[in-house]
Amino acid sequence: VEIVLKQIERQKCQVMIASHNEFTIQYVVERMRQSGICPANGGIFFGQLLGMCDQVTYLLGAGGYCSYKYVPYGPIEAVLPYLSRRAYENKGMLKGSQKEIELLKGELKRRRWSVFSTAN
């Protein structure tokens, strides 16, 4: 990451941080801040598999970072082993799933109350 950040600072490359690891993403975001790399067009993009670590992707997008979701496609016999490997590699994400459920509940509650408060 450090080598790539130096090249990005010199505007010599761009990189996609394709990680579901929140700590890795936090590290890169902090290093971007320290290096003065602009989130919106600084040459660093973030990507996660759709349905995995969605709360992180949405927070990145809301913070002005370039964040993407990708969807694997193809014959089921080709896609299923890939998705199985991603799920196995990201076993710790199950904790994130519970976190995401709580965040979604909070957002639904917030939206429900905002509808009622604007109706008056």
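Asp54 is buried at 10% relative accessibility, where buried means under 20% relative accessible area, exposed over 50% and partly exposed in between (1.4 Å probe, protein chains only). This is a predicted model, so local features need pLDDT of at least 70 and side-chain atom pairs count only at pLDDT 80 or more, while totals for chains, interfaces and linings use all residues. Residues are numbered from 1 along each chain as its sequence is written, and side-chain values use heavy atoms, with hydrogens and water left out.

**Exercise 1.** Find which side chain meets Asp54 in a salt bridge.

*Solution.* 
- Start with the rule: a side-chain nitrogen of Lys or Arg within 4 Å of a carboxyl oxygen of Asp or Glu.
- Helices (H or I, at least four residues) and strands (E, at least two) are DSSP runs, numbered from the N terminus.
- Lys69 itself is partly exposed, at 25%.

**Exercise 2.** Work out where Glu2 and Arg31 sit in the chain.

*Solution.* 
- Their side chains form a salt bridge at 2.8 Å, N to O.
- Glu2 belongs to helix α1 (residues 2-9) and Arg31 to helix α2 (residues 22-35), 29 residues apart.
- Now check accessibility: Glu2 is partly exposed at 30%, whereas Arg31 is buried at 17%.

**Exercise 3.** Say how Arg33 and Glu30 are spaced in helix α2.

*Solution.* 
- The two side chains pair up at 2.4 Å, N to O.
- They're 3 residues apart, about one helical turn.
- Arg33 is exposed at 57%; Glu30 is partly exposed at 32%.
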